[in-house]
Amino acid sequence: HFKSIKKFFISLGSMAAASVALLFITDSIDRFINIFTTEGTAAIRLGLWERAWSLFTRSPIFGAGFGRYNDIQSLLTDNLAGREGFLAFFLHPRFLYDFGHAHNSYLQVLAETGIIGLGLLLSFWGLCFYIIFRSFRASRDNFSRKAFLAGLSTIVVLLALSFTEHYLSATTIMVGSSMIVSICIGLGWQQNSVKKDLKKGINA
C-alpha cells in the first residue's frame, strides 16, 4: 500500500494487533515485558553496553581490536597496550570464538574498531540507502518502487534492531538483508542503464 498512507497504517495496525495476540497465545508476554524492566536481560544488556563504551573511551580512534570484545569479556581483563584515551589495543594471545556480544552493534563496533570503523560502516549503509532512495524517486514502475521500498525498509529495520542486538554481524539477518539491498541496487543500476540507452537511441 505504498500509494495510500491510510491503507499503510491500517495494515501496520493489523500486524501490530496480530503480534500482540501472538504474545499471549504463545505465552511470550512475560519475556516481552522483561525487556523493559531493570532486572534480568535489561540489566545484563546495560552492563554489556557500559563495558563496550568504557573500551571505546580508552581507544576511541581504532578501538581495542576487531573481534576482541568477547576475548576481553571472557578473560575478565582489559589491559590495553598503547596510549589509553587515544590509541590502545588488546594484545592478549588468547582468542575466543563464540556467540557473545555487546547486544548493541554500534557500541560493539565502537569498542572494537573505534570511530573510524563505525564511520565506515555507517557510511556504507548510508550510501546503499541513498542509491536505493534515488532509484525509488526516479522510478515510475510500480513493481520496482515496491522493491526499492523493501530495500529501504530493510536498511531502516536493520539499523533500528542493531540498538539492542549485534545484528550487523548476525548471519541469519545479514544474508537476507544483503540479498534484498543488493538486488535493489542492481535493479536501480539496470533502470539507469535502460534510460541511458533510450536517450542514446533518441539522440541517434
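In this predicted model, Ser105 touches Ser162, Glu165, His166, Tyr167 and Leu168, when residues up to four places away in sequence are not counted. Ser105 lies in helix 5, and its relative accessibility is 0%, so Ser105 counts as buried.

**Ser105 and Ser162**

- A polar atom of the Ser105 side chain lies 3.3 Å from the backbone oxygen of Glu165.
- Ser162 is placed in the loop between helix 6 and helix 7.
- Ser162 counts as buried because its relative accessibility is 0%, under the 20% limit.
- The backbone oxygen of Leu158 is reached by the side chain of Ser162 at 2.7 Å.
- Beyond its neighbours within four places in sequence, Ser162 is in contact with Asn104, Ser105, Tyr106, Tyr167 and Leu168.

**Leu168**

- Leu168 also has its place in the loop between helix 6 and helix 7.
- With a relative accessible area of 14%, Leu168 is buried.
- The C-alpha atoms of Leu168 and Leu158 are 7.4 Å apart in space, while the two residues are ten apart in sequence.
- Neighbours within four places in sequence aside, the contacts of Leu168 are Ser105, Leu121, Trp125, Leu158, Leu159, Ser162 and Met174.

**Nonpolar cores**

- The largest nonpolar core has 15 residues. Those with the most contacts inside this core are Trp125, Ile132, Phe148, Ile155, Val181 and Ile185.
- Helix 5 (105-138), helix 6 (142-161) and helix 7 (171-203) are the elements that give two or more residues to this core.
- Phe148 is in contact with Ile132, Ser135, Phe136, Ser139, Cys184, Leu187, Gly188 and Gln191, leaving aside its neighbours within four places in sequence.
- A second, separate core has seven residues, including Leu55, Tyr69, Leu107 and Ala111.

**Aromatic pairs and a charge over a ring**

- The structure holds five aromatic pairs.
- In one of them, the ring centres of Phe8 and Phe9 are 5.3 Å apart and the ring planes meet at 75°, so this pair is edge-to-face. An angle over 60 degrees is what that class requires.
- Phe8 counts as partly exposed at 40% relative accessibility, whereas Phe9 counts as exposed at 53%.
- The rings of Trp53 and Phe56 have centres 5.0 Å apart and planes at 50°, so their pair is tilted.
- Trp53 and Phe56 are three residues apart in helix 3 (residues 41-58), so about one helical turn separates them.
- Trp53 is partly exposed, its relative accessible area being 44%, whereas Phe56 is buried at 10%.
- Arg145 lies over the face of Phe136, 4.2 Å from the ring centre. Phe136 is also among the residues in contact with Phe148.

**Cysteines**

- The structure holds zero disulfides. A disulfide is a covalent bond between the sulfur atoms of two cysteines.
- Cys128 counts as buried because its relative accessibility is 6%.
- Cys184 likewise counts as buried, at 3% relative accessibility. Cys184 is one of the residues in contact with Phe148.

**Overall organisation**

- The protein has seven helices and two strands.
- From the N terminus on, its elements run α-α-α-α-β-β-α-α-α.
- Of the 204 residues in the protein, 31% are buried.
- Among contacts between residues at least 6 apart in sequence, 66% join residues at least 24 apart.

Technical notes:
Residues numbered from 1 in each chain as written. Predicted model: local features only at pLDDT ≥ 70, side-chain atom pairs only at ≥ 80, totals over all residues. Heavy atoms only, no water. Disulfide = S-S within 2.5 Å. Buried < 20%, exposed > 50% of the residue type's maximum accessible area, 1.4 Å probe, protein only. Phe/Tyr/Trp six-rings, centres within 6.5 Å; stacked < 30°, edge-to-face > 60°. Helix = DSSP H or I, 4+ residues; strand = E, 2+ residues; numbered from the N terminus. Lys NZ or Arg CZ within 6 Å of the ring centre and 35° of its normal. Core = buried A, V, L, I, M, F, W, Y, C linked by side-chain atoms within 4.5 Å. Contact = heavy atoms within 4.5 Å. Polar contact = N/O pair within 3.5 Å; in protein donor to acceptor, adjacent residues only side chain to side chain.
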